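Me: I have a structure to get through and would like to take it step by step. Could you help me read it?

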Amino acid sequence: MERVDHLAHERNKSEFDVDAMKIVWAGSPHAFELSDRISKLVASDPGFRKDNRTMLSRKDLFKNTLRKAAYAWKTIVDLHLSEEEAAKLRFYVDEPAYTDLHWGMFVPAIKGQGTDEQQQKWLPLAYKMQIIGCYAQTELGHGSNVQGLETTATFDPQTDEFIIHSPTLTSSKWWPGGLGKVATHAIAYARLIVGGRDYGVNGFIVQLRSLEDHSPLPGITVGDIGMKFGNGAYNTMDNGVLQFDHVRIPRDQMLMRVSQVTREGKYKQSDVPRQLVYGTMVYVRQTIVADASCALSRAVCIATRYSAVRRQFGSQNGGPETQVIDYKTQQSRLFPLLASAYAFRFIGEWLKWLYTDVTQRLQANDFSTLPEAHACTAGLKSLTTTATADGIEECRKLCGGHGYLCSSGLPELFAVYVPACTYEGDNTVLLLQVARFLMKTVSQLGVKKPVGTIGYMTRVDHLMQCRCGVQRAEDWLNPSALLEAFEARAARMSVACAQNLSNFDNPEEGFAELSADLVEAAVAHCQLIIVSKFIEKLQQEIPGKGVKQQLEVLCNIYTLFLLHKHQGDFLSTGCITPKHASLANDQLRSLYSQVRPNAIALVDAFNYTDHFLGSILGCYDGNVYPKLYEAAWEDPLNDSVVPDGYHQYIRPLLKQQIRTARL
Ligand SMILES: CCCCCCCC/C=C\CCCCCCCCCC(=O)SCCNC(=O)CCNC(=O)[C@H](O)C(C)(C)COP(=O)(O)OP(=O)(O)OC[C@H]1O[C@@H](n2cnc3c(N)ncnc32)[C@H](O)[C@@H]1OP(=O)(O)O
Ligand SMILES: Cc1cc2nc3c(=O)[nH]c(=O)nc-3n(C[C@H](O)[C@H](O)[C@H](O)COP(=O)(O)OP(=O)(O)OC[C@H]3O[C@@H](n4cnc5c(N)ncnc54)[C@H](O)[C@@H]3O)c2cc1C
């Protein structure tokens, strides 16, 4: 049967080279080729089907995830896929699994915190999946407060071992993904006790389960923590609980890059900063930022395609009704999310660069950029995950009633994504880390020159008193005007917090009292980073007809949308006047009209297969209604015309004979 493209008229309207944009989105021709090839490989293999996920019981769902993970591994081995190809394959299989934690945290923790010998011993086993690892840091009683962890690792000089122990209920490890049912090993974080002294939290490699029959080793109590939010969704993951009862491990299973314990029971600190114990979190936060654009672009692709298909009202003389994407309200909700997806793509790329740079410096014993890397990864993780989770939910609403159906793909995407606001650091707690960094920067102005993402603070005197020069709406398209407004707002909010803090005798008390303002200052700073990196990206040469122009429109939408949304900050700090805010709004409306004819092509540039999108509303050909109709009949509830339970619960109701005065 011939396939009709119901969105062809939309695709014909586009004013730029979509294939060139696909390469910009992917990052390079190589990245595009890789992504395209692997996504098609996964989509065409029935072993990776995922359309029944929301209908399975937890046990069936979990077993199916185990099957897929094993099948993915077999495919990787059979096809001799490279590390890069294998990671892409796992990404397109699109099912949270223990492998995410094995590859995403266990392996990086050994690489980042293990000595050369430890890496040589453990990494080959992990690479071949002869052991499966998880990252066991969080406990029932403490997640954010890592220094409050209670699990102990006490050195026993008699046997040259550590004794890992959970002294209280609240010290039970709680949440680690992969721990519940699969992991054979954990990087467990515990307080290091040597000679009766507590040296703080450190990582230890602990075997949990037998490599022969998978039973827990002596002293280990382990299980799954139970169902989580949403059908399907993150319930494919076995987040676990773990208690240690005096479990002994050899001394060389303490990760010893940052600090060591000698055979004689001496504690030694390397000349690397202690904060490197937190290094795996910096790495993972950077990957979460890179992933935010994937989740948001998925939701935006679904909502944009469906908004072009869906029509409501406005029929003239029996003609077609209006496509909902043509309503200005729909555009003002949808297009900033489209622009955010691109903005997050580029900030993810930049953060990867920053992370690589800091890693190389650390290897050369240059620790100077670590605080900035921590602040950037923490702040951008917080900002992008909050905006992405909110954006997915907004996309669901943009799809009206049909967005609430699991077959839209949006409920599951939201349920899988929303914990990103909590895991790898609660988003508010992380913004408070950024705020500490900003307050330190302001307090050292004149003593230490701010560089990198806080370089704008060198011009703090100018930024505290500059006036916005915008006179016409088009002036807001000038990158310097935009940058200066965002820099002035960030600088003024930080300086105001620092001044308020100085009124407190006890700085910690002041920090706690002013924490809500500090979080807002941190948000302003992080938004400035995203805006400035988007603008920087556009200063590069970008090939392809009309591609750069489209990106400029998106960059302006992203920036002016933020200015509009946070105009309270800009007005109260005197960075702009109400007139400037109104001109910004006028410009924003004009930009929405410019993006409208290109909207479908801009989401096509994500190059998502229908399999990966997993959404009837977002399917490439826009043939939504027949697919929705067919899918309804495939629901198990429609297996029989008369439902199970009719004879027990419906018929007796219908046949009852109630004799009461009123009836
Ligand atoms: C339908 C299917 C759809 C699929 C959709 C796909 C989308 C999915 C996308 C991605 C999937 C990814 C999968 C991910 C799986 C989930 C993984 C989750 C794993 C976890 O959650 S692991 C646990 C993480 N835990 C945390 O993050 C805890 C948070 N807490 C902390 O980080 C810290 O303890 C703290 C920073 C809050 C502590 O504060 P405090 O006590 O004040 O700090 P101190 O310990 O005293 O240290 C202060 C000092 O150190 C500096 N510092 C702190 N942290 C770091 C660091 N990480 N690096 C460098 N430096 C650090 C801090 O600035 C202070 O410095 P100063 O003294 O001021 O100079
Ligand atoms: C799906 C999922 C997967 C996870 N996977 C893992 C894993 O693999 N390994 C692992 O070790 N952990 C994992 N975690 C745990 C996760 O890292 C923690 O839940 C997270 O760090 C937040 O800590 P918490 O739960 O203690 O939150 P809490 O700190 O208890 O937060 C509760 C509330 O208190 C607020 N709050 C806390 N401290 C402050 C403060 N100082 N100032 C102001 N407000 C504050 C927070 O903002 C929040 O609103 C996972 C969690 C989830 C949800």
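Reply: One term first: the domain bounds used here come from an automatic or database domain assignment. This is a predicted model, in which local features need pLDDT of at least 70 and side-chain atom pairs count only at pLDDT 80 or more, while totals for chains, interfaces and linings use all residues. Residues are numbered from 1 along each chain as its sequence is written, and chains are lettered from A and ligands numbered from 1 in the order in which they are written.

Me: OK, which domains does the assignment give the protein?

Reply: The assignment gives domain 1 (107-270) and domain 2 (279-604), and their C-alpha centres lie 36 Å apart. Their contact takes 12 residues from domain 1 and 11 residues from domain 2, where two residues are in contact if their C-beta atoms, placed from the backbone, lie within 7 Å.

Me: And where does ligand 2 lie?

Reply: Ligand 2 lies between domain 1 and domain 2, because both give residues to the shell around it. Of the 22 residues around ligand 2, Gln137, Thr138, Gly143, Ser144 and Trp175 come nearest; a residue is near a molecule if its C-beta atom, placed from the backbone, lies within 6 Å of it.

Me: Which element gives the largest share of that shell around ligand 2?

Reply: The largest share, 3 residues, comes from H12. Helices (H or I, at least four residues) and strands (E, at least two) are DSSP runs, numbered from the N terminus.

Me: Switching to ligand 1, how many residues surround it?

Reply: Ligand 1 is surrounded by 32 residues, and the closest are Val146, Gln275, Tyr278, His374 and Gly425. H8 supplies the largest share of this shell, 5 residues, and helix H10 (370-398) and helix H11 (410-417) are among the helices that each supply at least two.

Me: How do the axes of H10 and H11 cross?

Reply: The two axes, which are lines fitted to C-alpha atoms over the stretch in contact, with angles running from 0 to 180 degrees between N-to-C directions, come within 9 Å and cross at roughly 165°. That makes H10 roughly antiparallel to H11, since angles over 145 degrees count as roughly antiparallel, under 35 as roughly parallel, 65 to 115 as roughly perpendicular and the rest as oblique.

Me: Which residues of H10 and H11 meet there?

Reply: On the H10 side they include Thr388, Ala389 and Ile392, and on the H11 side they include Leu410, Pro411 and Leu413.
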